[in-house]
Amino acid sequence: MDKKINQTIESIDPRITRAKIQSGNKADMEGLAHFQTFEVFHQNKRGAQHKHVGIVHAPNPDMALLYAKEQYARREVTANIWVVPSSCISATEYSDDDIFTTAPEKLYRNPANYKVMDRINAFKERGSKPTDKV
Amino acid sequence: MNSIDALKELLYKTADDQLIIGHRNSEWTGLGPILEEDIAFSSMAQDKVGQSEHLYNLLHQLGEADADTVAFTRNASQFHSSKFVELPIGDYSFSLIRHFLFDFAEYLRFESLRGSAYEPLAQVANKFFGEIKYHTMHANTWLDQLGNGNEESHSKMQDSLNYAWNYALGIFEPGPAEKILIDENIFIGEENLRKRWLDVIAPLIQNSGLSLPSNDEWKPIYGGRNGRHTEHLQPLLEEMTEVYSIDPSADW
């Protein structure tokens, strides 16, 4: 049998298996203390909303932008990227998620309940001016 | 040497530089200092290999063998890449310094080629200009970060810069028929390019707290453009062509 197969695999992390860095190296972990997470927002065309797409780890905003480009814009049509330190995000508590429940009889708040497309299409077909009677 | 031969020489050295540094930098894949950097550096290495393929395709249109044959069947002595790009990846500071010095030269080369009178080359230069611009942003951000970092990062970067410098000057080894390329507005020539490069990188190096080696130590390391390489290129080629050598028709 091949000798390699008999070896105990310490880790599948190539830094440990190929670069022979000891796992759990404390110096490595301390280096990461300089890093923070940044939330990444991606815009696919000018004027469109930036949408949250994930995070990157970086020591500062400049490097976060570099990484965000490769992580989140490499395969997407992109006009612009924002990064925001995760620590700047304020969030509601999941334990308070009952504040988002809406009573079922308030469906009038839901725009899907307003059937106006027929009227809008009729308006467009006539090429009417806004002041015309519908 | 006629203008077609001069053009081929320009295409070969530009493409070979990109293929070899692309392969070298891909050796960091899986070993990068953090995940995000690993992905970014690997992606840029891929960009360079992809760019070289487009330049090899231009050579193919000029009657040379197809891109795979040109990339995978030549010996070290048939490559026109500079010695700089074949040097081993070293530690990360060296790879970053090479990334900075080489990519700014590449950026300025492509910037000038966008206006080349040889239209197919101008189109390729335009197509990849954005990719290479990002590469220079990445390189300069790292240079600033580590040059102005702590004592350890600064001294590693300075040592690597000192070591890399004369190799980097070797990028601008004069070609045999540059006058033809310049007269026909195909390329501005290596000496012009070197001047532009120094104008751009000198202030960036200064801003990062690093110093260029003093002028009297500038001794460009030439030879690569004429197929004279260090002992590092042939093993790289053997690794790069391993799959192709087993099965030239393999698709991956």
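I am working from a predicted model, where local features need pLDDT of at least 70, side-chain atom pairs count only at pLDDT 80 or more, and totals for chains, interfaces and linings use all residues. Residues are numbered from 1 along each chain as its sequence is written, and chains are lettered from A and ligands numbered from 1 in the order in which they are written.

**Chain A.** I looked up the secondary structure and found five helices and three strands. Helices (H or I, at least four residues) and strands (E, at least two) are DSSP runs, numbered from the N terminus. The order from the N terminus is α-α-α-β-β-α-β-α. I then checked burial: 10% of the 134 residues count as buried, meaning 20 or more other C-beta atoms, placed from the backbone, within 10 Å of the residue's own.

**Interface.** I listed the contacts (C-beta atoms, placed from the backbone, within 7 Å). Twelve residues of chain B touch 15 residues of chain A. On the chain B side, H2 (35-61) and H6 (119-147) each give two or more residues. H6(B) gives the most, with five.

**Helix pair.** I looked at H4(A), residues 61-72, against H2(B). Their axes (lines fitted to C-alpha atoms over the stretch in contact) lie 9 Å apart, at an angle of about 70°. H4(A) and H2(B) are therefore roughly perpendicular, a class that covers 65 to 115 degrees. From H4(A), Leu66(A), Tyr67(A), Glu70(A) and Gln71(A) meet Glu36(B), Ile39(B), Ala40(B) and Ser43(B) of H2(B).

How values were computed. Two residues are in contact if their C-beta atoms, placed from the backbone, lie within 7 Å. Axes are lines fitted to C-alpha atoms, for helices over the stretch in contact, and angles run from 0 to 180 degrees between N-to-C directions. Angles under 35 degrees count as roughly parallel, over 145 as roughly antiparallel, 65 to 115 as roughly perpendicular and the rest as oblique. A residue is buried if 20 or more other C-beta atoms lie within 10 Å of its own, exposed if 12 or fewer, and partly exposed in between; C-beta atoms are placed from the backbone.
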